[in-house]
Amino acid sequence: MIIYNGSEINTEDELEAAISSLDDYNKNIIRSQFYGTAPPSTTNVPLVISPRQMRQQLLIKGHTEDAVVAQINTLSSPLKEMTLIAWEYTTAFNRYGPLIPALQAAFGWTNDDLDAFWVAANNL
């Protein structure tokens, strides 16, 4: 069971009806939450990177920690505060975790950009 767009989703039929208008990438993300698995990937994108790997790869890409916090601060409350807590205290960054779409949007990254970022960070 998951909550999607304010509705409780309990069956596969309910899930498929709820996500029918999404693109395949986002459908896979929602399906992964429903089934409790990582979305299928056509590349070897790691599911998790460490905070050190995340921060070093951001710096390599030209984004300082201050720039990340500044981007997070543009979000509205309570999303801003929740995102700041996640940024500051997480022990691992999950590729499909709730913080990542905010960073992706803030920096204008495509899903492919984000996958490449994750692979490069994993190699640090």
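Asn123 lies in the segment after helix α7 (111–122); helices are DSSP runs of H or I with at least four residues, numbered from the N terminus. The model is predicted: local features need pLDDT of at least 70, side-chain atom pairs count only at pLDDT 80 or more, and totals for chains, interfaces and linings use all residues. Residues are numbered from 1 along each chain as its sequence is written, and side-chain values use heavy atoms, with hydrogens and water left out.

**Asn123**
- Asn123 counts as exposed because its relative accessibility is 62%; exposed means over 50% relative accessible area, buried under 20%, and partly exposed in between (1.4 Å probe, protein chains only).
- Pro78 and Asn123 are 45 residues apart along the chain, and 34 Å separates their C-alpha atoms.

**Helix α5**
- Thr83, Leu84 and Trp87 are buried in helix α5 (residues 79–89).
- Seen down the axis of α5, these buried residues fall within an arc of 105°, so they line one face of the helix; the arc is that of the directions from the helix axis to the C-beta atoms.
- Met82 and Tyr89 are exposed residues on the face of α5 turned away from its buried side.

**Negative patch**
- On the surface, Glu8, Glu12, Asp13 and Glu14 gather in a patch of negative charge.
- Asp13 is found in helix α1 and, at 67% relative accessibility, counts as exposed.

Technical notes:
Patch = residues over 30% accessible without salt bridge, like charges linked within 9 Å, V, L, I, M, F, W, Y side chains within 5 Å. Areas by Shrake-Rupley, 256 points an atom, 1.4 Å probe, with all protein chains shown as cover. Salt bridge = Lys/Arg side-chain N within 4 Å of Asp/Glu carboxyl O. Lys, Arg positive; Asp, Glu negative; His and termini not counted. Charge placed at Lys NZ, Arg CZ, Asp CG, Glu CD. Helix = DSSP H or I, 4+ residues; strand = E, 2+ residues; numbered from the N terminus.
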